[in-house]
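Hi,

Here is the structure I promised to pass on.

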Amino acid sequence: LGFPMHVPFDPQGVGVGRDTVVCMVTAAVGVAAAVGIRWEWGKLPVVQSRVSRGAGRSYLLDNVKWFAQLLVIYGHLLGMLNIWDTTTWLYEDQDFIVAVKDALEVVLNPLFCVISGVLSQGAPTEGRLKRFVQFLVIPTIMVVYVVRPLCSGIFRDRPMDKAIQKMLSPDITPTYFSTDCPWYLFALVLWRASVYLFWSQMRTEVAFVIMIGASCAAGYVGGVNADQWGGGWGATFGYLPYFAAGYVMPFGALAERIQKPGVWVSVGVAAGVWIYAFYVVPAVFGFSLPDGHGNYVCCDSGREMVLPGNLTSLDVSFYWIRRLAQFMVNMPAVVAVIFLVLPRDETPITYMGAHTLYSYIFHMLVGFHSQRALLLQWLGMPVIQGRIWHVLILLLHVPYCLAVLAILTSSYWRAIWSWAISPQWPAVLFPHRAEPKAAPVADKVADPPAGAPQQP
């Protein structure tokens, strides 16, 4: 029933610990609820999606994408705040910053991965395969071997001659590529390729179960040395359940059946999601759940697994149940944010969702956060104590992150880097051939195929 892994455990311990039991109960309740919802959903009449869209785009999907990217930028900023700002205006409040970041993690990466699954639905037509290569595979290669070295020379302290030398003498080993490639890009390439090769050939329910099982089993790969299963590979399997959920999600039909509430109700739902993520989840799970960025010994959450005597043999064997439980805990918040919080019509910033690949790639390469820290250090920020002031300071950084998102998705920035991130030049490699127009599928979102430049 379990997948044994050779890590330290208490030889005197028997049975399973409280933490494992909590995760077993959570996973069982989640699975039962999912089966019940799927059963009842099958009884409902088929509906066609009428989600607001313009120029072939879904406004809801674009709003989800820019919001998810805003959370990514803010989440990375919180890590910097814990390094640079806890000696001044966030004085010695590291625990609070970590708690805020952990709460954001409930929806942050899962939101992006679910939408990636939604955009990967549909048959692997010739046109989709071409767009997959042109607007996802080629940009990913360009980011690793051209864009990152260039940015290290332009925006960082690395000498430009060394950056050019790195481009001219690339390390093409799989280990380097999987480690140096941004994990989400690496994972997205593998996820979408796996859809075209395997999952689209199966019933969606079967594909979903296999993907969940693969993710739970893959957490044991690599032993106690997380570096053996780090980089893009670990995240590819760590966040695979959320991609699977998006892949089987009847997105358009859900948006049609779940009516968008009024503004104040949406604000109330958003507040409820925050209370759930910040207070309820830590209260129920007073222990670390697996980090999706790697295997079960990866990152801070993996320390518990490698501490000698901390787990029994059965705890180790059933550690996979924690990943399943975490998936069941996070998904209700993700669904609530998508269908009950975010707007479904066009807003002044909806356009950003079409270009989030630019902001994802460049918000760390350009070094906005480190430059912000150096500027504040030069200004000499005062020492501020008190939780209420720290909350206000954290909220003050939301407009800053939105400004970073706006800059990196602007037409000016895209004009500079489009040759690498949304290139048109590879089109000459593919002969143009008109495709027959597919009929809409009732319970599948009828969005443009994923991989197009507008929906990276």
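Glu205 is partly exposed in this predicted model, at 31% relative accessibility. The residue forms a salt bridge with Arg203, where the closest N and O atoms are 3.8 Å apart. Arg203 itself is exposed, its relative accessible area being 60%. Arg38 belongs here too: salt bridges with shared partners join Arg38, Arg203 and Glu205 into one network.

In one of them, the side chains of Asp93 and Arg387 meet at 3.0 Å, N to O. Asp93 sits in the loop between helix 2 and helix 3, while Arg387 is in helix 19, so this pair ties together parts that are 294 residues apart in sequence. Asp93 is buried, with a relative accessible area of 8%, whereas Arg387 counts as partly exposed at 44%. The other one links Arg18 and Asp19 at 3.3 Å, N to O. There, Arg18 is exposed with 53% relative accessible area, and Asp19 is partly exposed at 21%.

The loop that holds Asp93 also contains Glu92, between helix 2 (59-84) and helix 3 (94-105). Most residues other than glycine have a negative phi. Glu92 has a positive phi of about 50 degrees, although it is not a glycine. At 55% relative accessibility, Glu92 counts as exposed.

Helix 19 comes up again with His397, which lies in that helix. His397 is buried, at 5% relative accessible area. Setting aside neighbours within four places in sequence, His397 is in contact with Tyr74, Leu77, Leu81, Trp89 and Arg372.

Now for the overall picture. The protein has 20 helices and two strands, and of its 456 residues, 50% count as buried. Among contacts with a separation of 6 or more, 87% are between residues 24 or more positions apart. Asp345 is in the loop between helix 16 and helix 17 and counts as partly exposed at 46% relative accessibility. As for the surface, the protein exposes about 21400 Å², and carbon and sulfur atoms supply 68% of that.

Which residues have the most contacts inside the largest nonpolar core? They are Ile361, Phe362 and Ile421, in a core of 122 residues. Helix 16 (residues 320-341) gives the largest share of this core, with 14 residues. Not counting residues up to four places away in sequence, Ile361 touches Val143, Val147, Leu185 and Ile421.

Ile421 leads us to helix 20 (residues 411-421), where Trp413, Arg414, Trp417, Ala420 and Ile421 are buried. Looking down the axis of helix 20, its buried residues fall within an arc of 105 degrees, so they line one face of the helix. That buried side packs against helix 5 (126-154), helix 17 (356-365) and helix 19 (387-408). On the face turned away from it, helix 20 carries the exposed residues Tyr412 and Ala415.

Last, the aromatics. There are 28 aromatic pairs in the structure. Phe186 and Trp233 make an edge-to-face pair, at 5.3 Å centre to centre and with 75 degrees between the planes. Phe186 lies in helix 8 (residues 183-197) and Trp233 in helix 10 (residues 231-238), so the pair ties together parts that are 47 residues apart in sequence. Phe186 is buried, with a relative accessible area of 7%, while Trp233 counts as partly exposed at 36%. Trp417 and Trp419, by contrast, form a stacked pair: 6.1 Å centre to centre, 25 degrees between the planes. Trp417 is buried at 5% relative accessible area, and Trp419 is partly exposed at 34%. There is also one aromatic cluster made up of Phe112, Trp183, Tyr184, Phe208, Tyr239, Tyr242, Phe327 and Tyr360.

Happy to talk any of this through.

Best wishes

Conventions
Residues numbered from 1 in each chain as written. Predicted model: local features only at pLDDT ≥ 70, side-chain atom pairs only at ≥ 80, totals over all residues. Heavy atoms only, no water. Core = buried A, V, L, I, M, F, W, Y, C linked by side-chain atoms within 4.5 Å. Buried < 20%, exposed > 50% of the residue type's maximum accessible area, 1.4 Å probe, protein only. Helix = DSSP H or I, 4+ residues; strand = E, 2+ residues; numbered from the N terminus. Contact = heavy atoms within 4.5 Å. Arc of directions from axis to C-beta. Areas by Shrake-Rupley, 256 points an atom, 1.4 Å probe, with all protein chains shown as cover. Phe/Tyr/Trp six-rings, centres within 6.5 Å; stacked < 30°, edge-to-face > 60°. Salt bridge = Lys/Arg side-chain N within 4 Å of Asp/Glu carboxyl O.
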